[in-house]
Amino acid sequence: LGGLSAAGTQWYLDKLALVGRKPVRGSRVALAVSEAVPVGLRITVPLLLGACVFCLLGSNFLPMAETFVSLEQGGGGAKTATDIYQVVVYSLLYNIQLLYSHPSVWWLAYVVAIFSGVFPYVKLAGICAGWCMGETWLSSKWRGRVLLLLDQAGKLALVDIFMIQYISAALRVRVALTDPGDTGDSVSVVLRTDGEIGLTVFVVATMGSLALGHLCLYYHERDRRTRLDLLGGVSRVSLNRASLFLRKSRSVFELDAYAAGRSRAKSGALVAAAALIFVGVHLPAATIRLDAPVSLDRHGTTFSMWGFAWLIPHLSSRPGSFAAVFAQVTYVVFVLITVHCHLAVLLVGWFGRIPNHLIRSTTSLAHTLFAWSATDVALGTMVLVLAGISSVDSVTLSPDMLDLLASLTGEQPDGNGVRVRVAFGAGVWVLAAGLALHGWIGRVVMGHLEAATVLQSMREEVDRCREQVEREVEDAGVEMTTSVASPRSDGST
């Protein structure tokens, strides 16, 4: 399949006479043959898109996780677990079927099917169209809109990953069979969820699609046709503001105060968003209590978004395994690190004075971190999942399993299964307020940086035209003089 994809891509580009030759000038060429795109990427990007499609297809049919009843022995860090009963297997298609068959959480099946089932393929198809289609079918303006929308919404594909992690936390059960004693050793029956290869493949495919989306959007913005379209669509006010930014190396805060006079309120919103998100991830987000058919600890588990990251490995019967560590790293990167890094970039871009040669890099970094900040997706998934299963028999135990529990614990279990009781804490509301502010003020700050990037592109275009004219004049053997307009009182040129 990979060879056929490579051959098909080579034939398509050869048919357009775009491989091994000088890129075609004009307004109706595909992004893949833009002068800004290196020759090697013209084949590499379609191949990577095909690899992401195959990884997604594989992950849809591979098991993502398995929940087992295990017998855990030992104490401290020397515990061993033996799986004695498989409760449920998680995969994308089976999750959708299982959720849809239950009358209380059938709507979760549509959420998972749309965001984790259909959307990843739609995103890859949109990236492929933006990369290979010329402007006859997809104009430069609409190509930018499609790529930007797919880039910012790509994190929604992680809904299924977060759902499995929160269900694993809700089904975390331990029933002590013996007292630890002086040695600290004990024997317990535990309910644990182990990640499988499908989870790893799905995350790799999602990260690959995010990276390809960033790559295509980056070269789209560097395309000369796109830069000319951007220059034609920027208002005089934005250009005047960006002109002051580039000429006097002002901060975005000073520019906004110069142009709109509401910078103090926006500064307060940015600082408040950073404070609320930092505090919200540390405040208690949820308390989970289990009603089980046998005796167990009734105090429940309380965790914050920050604390949940360190709980993830212990949801597995093998905390040090690759699958458990990979699930933890995925959560930490997408939920905790990227949002704080994005806020740091916004604070530096708002209050600091960015050198002209770093404006484009700062804008690209801000866009990338904003697209990877999945804290809002994780919070929304947690609320939906825990609220949905709070009144449901999350694990309905078979008669054989009830007999096994009776022989292990000496109690006669009832037939109600394991029921989940959830109470949300202050961290949910504080974090939701911070994320709402972050979504608004982030776009405001990035809008100022984009205006400065457009004017920087204008300068580069003017310099390129000047060099071309100078070469032509020099070839013609005549002299040339250059005049530059003086700045006006309002800062424009």
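How many salt bridges does the count come to? The structure is a predicted model, in which local features need pLDDT of at least 70 and side-chain atom pairs count only at pLDDT 80 or more, while totals for chains, interfaces and linings use all residues. Residues are numbered from 1 along each chain as its sequence is written, and side-chain values use heavy atoms, with hydrogens and water left out.

The count comes to 1 salt bridge, the term being a side-chain nitrogen of Lys or Arg within 4 Å of a carboxyl oxygen of Asp or Glu. The side chains of K155 and D376 form a salt bridge, at 3.3 Å from N to O. This pair links distant parts of the chain, 221 residues apart: K155 lies in the loop between α5 (140–153) and α6 (159–170), and D376 in helix α15 (residues 375–389). Helices are DSSP runs of H or I with at least four residues, numbered from the N terminus. K155 counts as buried because its relative accessibility is 9%, whereas D376, at 36%, counts as partly exposed. Buried means under 20% relative accessible area, exposed over 50%, and partly exposed in between (1.4 Å probe, protein chains only).

Helix α13 (residues 322–351) has 30 residues, so at 1.5 Å a residue it should span 44 Å; its end C-alpha atoms are 41 Å apart, which agrees. The expected span is 1.5 Å times one less than the number of residues. At I337, α13 bends by about 35 degrees, the bend being the angle between axes fitted to the seven residues ending there and the seven starting there.

Note on methods
Helix = DSSP H or I, 4+ residues; strand = E, 2+ residues; numbered from the N terminus.
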